[in-house]
Each structure stands twice: as C-alpha cells, then as structure tokens.
Amino acid sequence: MGLFGRRRTVFVDSDILVIGGGMAGCGATYESRYWGRDLKVVCVEKANIERSGAVAQGLYAINCYMGMQWDENQPEDHVRYARNDLMGLVREDLGYDIARHVDSTVHKFEEWGLPIMRDPETGRYQREGKWQIMIHGESYKPIVAEAARKAATEVYNRIMVTHLLMDKTKPDRVAGAVGFNVRNGNFYVFRSKAVIVSAGGASHIFKPRAVGEGMGRTWYAPWSSASAYALPILAGAKMTQMENRIVLTRFKDGYGPVGAYFLHLKTYTENAYGEEYESKWHDHTKELVGDYIDRHPVPTCLRNHAFLEEVKAGRGPIRMVTKEAFQDPHKETVGWENFLGMTIGQAVVWASQNIDPKHTDPELTTSEPYVMGSHATCSGAWASGPADYAPSEYQWGYNRMMTVEGLFGAGDTIGGTAHKFSSGSFTEGRIAGKAAVNYVNDLGNEQPQVSEAEYEDLRKVIFQPLENYRVGRNEIVAGTVSPSYILPINGLQRLEKIMDEYVGGISSHYTTNEPLLTRGLELLSMLKEDVNHLGAEDLHQLQRAWELHHRVLASEAVTQHTMFRTETRWPGYYYRADHPKLDDTDWHCFTLSRYDRESGKWELEKAPVYHIVD
Ligand SMILES: Cc1cc2nc3c(=O)[nH]c(=O)nc-3n(C[C@H](O)[C@H](O)[C@H](O)COP(=O)(O)OP(=O)(O)OC[C@H]3O[C@@H](n4cnc5c(N)ncnc54)[C@H](O)[C@@H]3O)c2cc1C
C-alpha cells in the first residue's frame, strides 16, 4: 500500500473538460472560450499540447480547404467527394457542417502565423490537389496550441485520462473523468458539466509492418492509442462504422505520404516490370463493387485493391516513378521538403538504403490497418447532427453530442465523417465547443455529481499494475517473464497478432471470415482477462498499460462490427472472404454498436444513410 499512500489526489472542477489537446481539442478549447466567456474551460493532455497528436511533427499540406472566397469548391462538393470515397456511406449532415466552416478555420491559422504558400500568378493559396493547400507547416501544432493555451482556463499536460465518470444522480449523463500524471503519479479527478473527447485515432492495434527495431514506426502516430474510442465505449456511447479501418499506400519502410507526390509532383506508379497496372484490374473490381470503380476520383480503397491484386499476382514491388519528376530542381526540392516538414523518418530511411529518388524509383507498400475518424475513413462515435441540417433521426440533442448526455466529441473521435483532416478536425472541435457551451448554459445551476465510491474504486484499479509489478517482480530471478503479471509490451504484441491473423491484417492480405472473426473474439476475450493482470515497472509503463486497455476495447469493437457487416464494402481496406462483394441492398447503411460494461456484451444494429446532397 506504500505506493498508494504517497500519491496525491487532485480535484479539478470545470464547466467544459476537453480530453486530448490535438487538433480537435485545440479547436474545442478555443471555441468554448469564444462562446463561454465566463466558463471554466479545462484541457487535459497526456503529452504536451505544444507538440502532441498526429500533427506533432508538422505537416506540409492542409488537406481540407474549400476555397469558397475564390469559388473553387462549395461544401456540397466536399460531401459528394467524401461520400464517393467511402463507397456511399458518410454522415452528410456532419460533413457538410464541417465543410461550410472549415475555410474560416484556415484563415485563422494564417492570422495566427502559419505560413501558407501562395500561387505567384493568382495570389490564391497554392493548391496541391482539389482539396489540399500547401503550407510551411513545421510549426503548425505550436501555432494552433498557442491559441488553445490562451483560451483555456487551464491546460493540464502529462495527464493520461483512463475513464470517464458518470453522474450519480443520472447514470446516463457524464460528470467528468479520471486519470494520472505520467510524471509524478498524482491521481486526477476532473468534475465537469460537459466533456469533449478529442483523443485521436488508433494505431498499433494490428501488427505493424515495422517490427523489432522499427516497432515504433507506424503511419499513424504511435501514441494514438484508441482512447478516443475506449472512453466513450466504456461510458455506453453508441459507435459507428468501427469496421471501416484504413490501409494506406505509403513509401516502403518509412510510411512517408504519397499525396504530394501524386498530386503536386505528378509522379505515378508502375509494377516491377514498368507497366501500368490499375486499368488491368478494372473489370475484376467491377464484379465486386459495380459502378463504384467508374467514379471519379476512384475511391481510395479501390486503388489499394488494384495494388494488392497486382502484388498477389506476383508482379511486385510496386514503385513510384520519381526519376522523371525529380529532374526538375523545383520538384526535387518539394519532394524532399515534403518529408522534412512532416515525416523526417522517410528521408532518413532513403538515405540509409541508398535511395535517391532522382536516380531510383522508390518502392511503395500498403500499411497495416488503423482506426480513425478524420482521414479517408470514418470510424468513431455516433453523434447528433446540426439543428439546421441533420435529418430528425440524426438529432437527439446538441450538435456533436454522443448518445450519452453531456458527452461531446470531435476529430478522430466522431464517426461517419471522413476527410476532415487537420483543419476539419479543428473545425469540428470548434463546433463541439460551441454546442457544449449551449449545453452548459442550458443546465443552469444543475451540477452533475461524481460518486466518491466510483472514483476511489477507479484509483485502485488504475494504479494496480504498479502494485502487480512490485509484488510479482520478486518471483523472477532473471528475464522478464512472470507467473503473476504480463508486461504492456507483451499484451500489445498479443493484441496485434490476434488482430492481424483473425481480423484482416497484413499477414492474411487483409482477409477474414466468420470463423476467423469468431475465434478472434474468443482470443480477445481471453486477452481482456489477462490485461487485468498487467505489471508496470514505472509510470511510463503504467501509461502503456492503460493505452493497451484502450486498444483492446477498440479492437473488440472493430471485430464485432466486421462480423456484423456481412459484405465486403471497401476492398483494399479489408475483405470478408465469405461475403466477397459489396451488397447495396442489405448494407447501404451504417453499423452501430453499444457496449454494456456490466455484462461485457455488445449490441449491434443498422442505421439508415440519408443522402441530403444530390
Ligand atoms: C502521418 C500523418 C499525416 C497526415 N497528413 C496530413 C496532412 O498532410 N494534412 C492534413 O490536413 N492532415 C493530415 N493528417 C491528419 C491529421 O493529423 C488528423 O486529422 C488530426 O490530427 C486529427 O485530430 P484529432 O484532434 O482528432 O487527433 P490528434 O491531433 O492526434 O490529437 C489527439 C490528442 O489526444 C491526446 N490523447 C490521446 N489519448 C489521450 C488520453 N487518454 N488522455 C489525454 N490525452 C490523450 C494525444 O496526445 C493528442 O494530443 C495526417 C495524419 C498523420 C498521422
């Protein structure tokens, strides 16, 4: 008990609690202050908001900008684009809501000091593609974080949130959250009228291509540990489209992005024999998905599909043809700067493997799957839509409120809205912040009550891995294998192996079926038992332990949803071998799940897709 005794419990009261200070969290914090001048707005972050989240390293492009001031695109165009890319299934109300506000967000970024490149001839922002604009974005995150820091009543860095707290007078209402300081081990109890979850996506739930010495090298941020999903799931919030994991075509070994190469540098791909291959797979893909293959642009998953089929046919590796473009010194500079501004690792990998793209066409690969709601995929929480635009079935409260009262979300957290990216995530944070202020104002003097018994129980559970290690360590004479606990790294590797082999990861060519999923769920339930016996050597490992808990629960959601949707909707992201075709008759719908933490059971249902835009 000595360990528990030294630990302080710190209470923090707020009107609005923002969990995760990435792009969406900074947007939520900023906007909550704008509408709630006198409210107490607290942002809590497990790292430091200065350099946290998927944008920590910087970006080279803002991928969601309409350009309405120059009549380049309208919000409806973006809805059509996202709907097409997601094979017909997006929450058009939520997507439209972001698209109509996203330009104002980007203008704020520029006002705050973000250098946005301009086309020297037109004076407009330099386009990389139809939706992307180019930035000098090494300092993107610090610039955005400064706005949030100035807006917040307080930012609590280095606190990992592990659980939400529910109102003891109204069990369906959120009342706060608990977590611990990853540096000094203090226990934090946040009491709040409204909570906005903006804790990023999920990497490292499937076995990555980079293992061993390259283990931390993934495409999505390795610290994106699924809290955005596990926190709402545990609180009983409905989730949507959790089967819609994403697989990215990337430069091999460094996971360097290909967007600027395709769109701006106009490089292209070919197989090992120098042949164009995508058109070869047209008829085969049409058999599986019908007319979706003839849409423009071709949906991202279907381009992956052609890549995968070509490799399976033995004509890999697929290469990006860079040698031609890189003869132009300007394009060569852009090609390198693109990595130096956001994925330095790719430049280092090329240097270490003697690859100069001016002389060698680099190999591409497809990544392991990730789960998130802001990229070309839309897993996440099921949220209420905007009052002026959402169909009545999508409205049960305040904009971006989940199915739990007082619980809001933004960015990767919210499902059904692909292609938000950094600017759209910040914008959705703003939307959620404004709605949360309205919710708090409407509550008036009513104050949700946290239960002392609940947070005291959680305190014991949260720090238990330290105690498990302290006691169990004595049973080990050498090595790390203990009869009494498992280490977070062992649990993580077991999770990744299960998801990889049973739920459609890289080693099975992203393919699964009902028997595999059934066995996967059995193995996950055994893993869930064992993660209650994690051992943590120090606070850093304690954080890893709770990240693992969150990843396991999110993985279970992914597996349940994959089992429920008996079709292959997104070939190239994953395949149900027992239902190999897209089935618009039965599955032109969203999948929804709800987890009951008392029984450990999942309930799944369908929800209609409303097409609001022509
Ligand atoms: C490699 C890569 C390249 C990308 N390229 C582009 C691009 O070129 N252009 C573009 O516009 N977008 C790009 N994106 C997408 C963009 O980064 C995301 O859309 C955006 O960051 C999502 O915002 P978010 O707030 O939901 O998540 P994040 O920005 O990741 O923020 C989540 C935050 O929550 C914190 N957190 C997580 N768990 C907890 C917890 N339990 N307790 C407390 N805090 C927690 C994290 O530390 C983090 O700060 C890219 C993303 C990646 C990974």
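Two strands are taken to pair if DSSP finds at least two bridges between them. Helices (H or I, at least four residues) and strands (E, at least two) are DSSP runs, numbered from the N terminus. The model is predicted, so local features need pLDDT of at least 70 and side-chain atom pairs count only at pLDDT 80 or more, while totals for chains, interfaces and linings use all residues. Residues are numbered from 1 along each chain as its sequence is written, and side-chain values use heavy atoms, with hydrogens and water left out.

Strand β2 (residues 41-44) has two parallel partners among the strands described here. With strand β5 (residues 154-156), β2 forms three bridges in the parallel sense. In this pairing Val42 stands opposite Glu154 of β5. With strand β1 (residues 9-19), β2 forms four bridges, again parallel. Here Ile16 has Val41 of β2 as its bridge partner. Both faces of β2 are covered. Val41 and Cys43 lie on one side, Val42 and Val44 on the other, and all are buried. Buried means under 20% relative accessible area, exposed over 50%, and partly exposed in between (1.4 Å probe, protein chains only).

A four-stranded sheet was also found. This sheet is open, with the order β14-β9-β18-β19 and antiparallel pairing. Its edge strands are β14 (380-381) and β19 (601-608), each of which pairs on one side only. Strand β9 (residues 239-240) is joined to strand β18 (residues 589-596) by two bridges, and the two run antiparallel. Met239 has Ser593 of β18 as its bridge partner.

Helix α3 (residues 75-85) is largely enclosed by the rest of the structure, because eight of its 11 residues are buried. The buried set consists of Pro75, His78, Val79, Tyr81, Ala82, Arg83, Asn84 and Asp85. These buried residues of α3 pack against α4 (92-111) and α9 (300-312), where contact means heavy atoms within 4.5 Å. Just after α3, Met87 takes a positive phi of about 55°.

From α14, the contact draws on Gly491, Arg494, Leu495, Ile498, Met499, Glu501 and Tyr502. From α15, the contributors are Leu516, Leu517, Arg519, Gly520, Leu523, Leu524, Met526, Leu527 and Asp530. By class, the contact residues of α14 and α15 comprise 10 nonpolar, two polar and four charged. Ala, Val, Leu, Ile, Met, Phe, Trp, Tyr, Cys and Pro count as nonpolar, Asp, Glu, Lys and Arg as charged, and the others, Gly among them, as polar.

The structure holds zero disulfides, a disulfide being a pair of cysteine sulfur atoms within 2.5 Å. For Cys301, the closest cysteine sulfur is that of Cys378, 11 Å away and too far for a bond. Cys301 is buried, at 0% relative accessibility. Cys378 is likewise buried, at 0%.

Several backbone features remain. Most residues other than glycine have a negative phi, and most peptide bonds are trans. The peptide bond from His296 to Pro297 is cis, with omega near -5°. Pro297 sits in the loop between α8 (282-289) and α9. Gly316 and Pro317 are also joined by a cis peptide bond, with omega of about 0°. Pro317 belongs to the loop between α9 and β12 (319-321).

Positive phi values occur at Asp253 and Arg400, neither of them a glycine. Asp253 has a phi of about 75° and lies in the loop between β10 (249-251) and α7 (259-263). At 29% relative accessibility, Asp253 is partly exposed. Arg400 has a phi of about 65° and lies in the loop between β14 and β15 (407-409). Arg400 is buried, with a relative accessible area of 0%.
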